[in-house]
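Hi,

Here is the structure I promised to pass on.

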Amino acid sequence: QSSVPSLTSEPNSIMLVPAGDHYTMMDFAIAYFRKAQSMQGLKGMSAEKKNASALVQHTKVPIQESLLQYSDSELNELATKNFKTLMRFMGDQSKLKNQNEVECIYEILQLCKEKESLHDEVYCQVIKQVTHNPNQESVLRGWLLLNLLTGYFLPSNILMPYATKFLQLASSDPSSTHHDIAKICQSNLQKNVMYGGRRHLPFPVEMEALLKGRGARRLVILMPGGVEYLTRIKTFTVAKELLKEICEQMGVGEQEEIQEFVLFAIRSDNKTVRPIRSEEYLHDYLLEDKLVTVTLRRLIWRTPLHFENKIFTDVHYGQMQWDYLNGRILLSHRKEMEVQVGILAMLQHWAQTEQQNSVPSRDELKEYTPKTLQSSITPQALQNQVGMLMRTRQPLQPEDAKIQFIEHVMKLPFFGYNTYFVERVSDDTIPVPCFFGVNKEEIIVVDGTTQAVSCVIPLKELQKMRTLRPVSDGGLPGIELNYGSAASPKTMWLELSQAKEMYHMIVVILDKTEL
């Protein structure tokens with residue numbers, strides 16, 4: 001009797017399976033199923049194939065041992081137990097007392113999460129139970145489970161071509177009731193190979209929706225400037241798919257420019273902000289209790305801006321205005337800055353609908369002034385300056401005022417940096433508190449009072465970094481940066497409340513600038 005090769009194997013890859021009769025599940029069963037090994041030596045290939053075909057077809061009776069050979073008795077026991085759970089979920093066996101469908105799915109998915117060596121066994125069990133199954137409701141449930149399996153867990157490299165061929169055959173038969181879901185499974189498997197599968201098992205509410213045939217979830221993306229984008233995301237939608245969809249609405253079609261936008265997940269209970277990497281699954285960030293809001297921001301400013309699309313203009317104006325007013329762009333307290341504040345206040349006023357012929361009130365001017373500068377610029381001086389500017393300039397229409405505002409802000413010294421307020425730094429030559437700014441090229445340290453740059457770390461010199469826990473109760477978290485060359489390594493740590501956000505922001509920027 002020939003020995004069975006191990007099915008736990010090297011890194012996975014989707015195979016383009018050749019047309020024809022190769023790589024069918026029956027071929028796999030003949031080579032690897034436990035029972036097929038005992039059938040070898042039967043007279044004639046037709047007898048062997050006939051018996052093997054039964055191994056990959058639906059059965060009404062639970063299996064007594066695993067389909068695949070395992071030397072570990074515990075794995076064999078878990079496999080047979082899983083098959084019974086699968087039969088209960090598909091309706092081929094009665095459920096246990098107080099057990100519902102969602103619990104059955106969780107049991108199967110949790111087993112796959114804990115025992116990678118059983119991935120192939122579970123795939124084979126589900127494929128067996130949806131093949132030649134006379135009960136269409138049972139078949140549909142089996143395919144729903146296969147939809148989840150393909151998005152979460154990969155088969156081994158040995159099973160991959162056979163599983164891929166099975167899905168190809170199922171999706172190419174338009175007369176079948178499951179060819180659409182088979183196509184989805186194919187897509188899930190490809191994404192799983194590329195992006196690594198979802199990290200977190202689905203919440204019960206998501207599972208219940210899937211069982212009711214609702215495979216998409218409504219999601220509102222909060223865009224800068226108060227624009228809301230309503231979409232529907234599927235179980236295995238990744239961030240880059242949604243980014244592409246939103247960018248198309250803004251007239252952004254080039255991949256190079258799409259890469260400059262990032263989705264953020266913001267928790268409303270503790271205000272943590274986390275950029276979502278383009279290859280991450282959106283559902284891994286969306287909590288069951290709806291505490292997470294997804295927003296969009298432009299993070300990198302390499303591609304020239306273009307203003308032929310109104311949504312594009314509104315989104316960029318909204319982001320820059322919010323950043324400018326809320327201290328996300330570092331501003332000096334020098335005299336020339338007051339002139340800039342006046343010009344930008346006038347442009348914000350004209351950006352409002354039907355405000356071209358009115359003079360802004362003091363309260364409105366306060367709203368147009370950055371919070372960090374409100375104490376150093378007197379309302380009267382600002383009102384006088386804006387009044388003089390408006391008397392000497394032709395009013396602009398809202399769209400043109402927004403474009404001019406964007407162009408003015410882009411000329412500010414620290415535009416394009418994502419800034420963080422830092423309270424302690426290991427380098428005692430740096431005055432604290434200070435600001436750290438991160439853009440596509442470097443990390444800078446800026447004096448909180450003079451706006452002088454005291455330190456520059458090129459991102460290409462960043463060797464590694466890690467987040468640090470607070471050293472005491474009530475203390476701040478931190479980041480440790482290791483940078484410099486091998487000959488002259490340097491380390492700096494900093495403490496700030498937004499340590500995790502800054503860490504993930506640097507990771508995302510590094511990802512995007514390497515592309």
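This is a predicted model: local features need pLDDT of at least 70, side-chain atom pairs count only at pLDDT 80 or more; totals for chains, interfaces and linings use all residues.

Residues are numbered from 1 along each chain as its sequence is written, and side-chain values use heavy atoms, with hydrogens and water left out.

The helix pair is H4 (residues 73-90) and H6 (residues 119-130); helices (H or I, at least four residues) and strands (E, at least two) are DSSP runs, numbered from the N terminus. Their axes come within 10 Å and cross at roughly 40 degrees, the axes being lines fitted to C-alpha atoms over the stretch in contact, with angles from 0 to 180 degrees between N-to-C directions. On the H4 side, the residues meeting H6 include Phe83, Leu86 and Met90, with contact meaning heavy atoms within 4.5 Å.

Next, valine 422 sits in strand E6 (residues 418-422). Valine 422 is buried, at a relative accessible area of 0% (buried is under 20%, exposed over 50%, partly exposed in between; 1.4 Å probe, protein chains only). Beyond neighbours within four places in sequence, valine 422 touches Pro433, Cys434, Phe436, Leu494, Glu495 and Leu496. Proline 433 is 11 residues away along the chain, with 5.7 Å between the C-alpha atoms.

Finally, aspartate 400, in helix H17 (residues 398-409), is partly exposed at 41% relative accessible area.

Cheers
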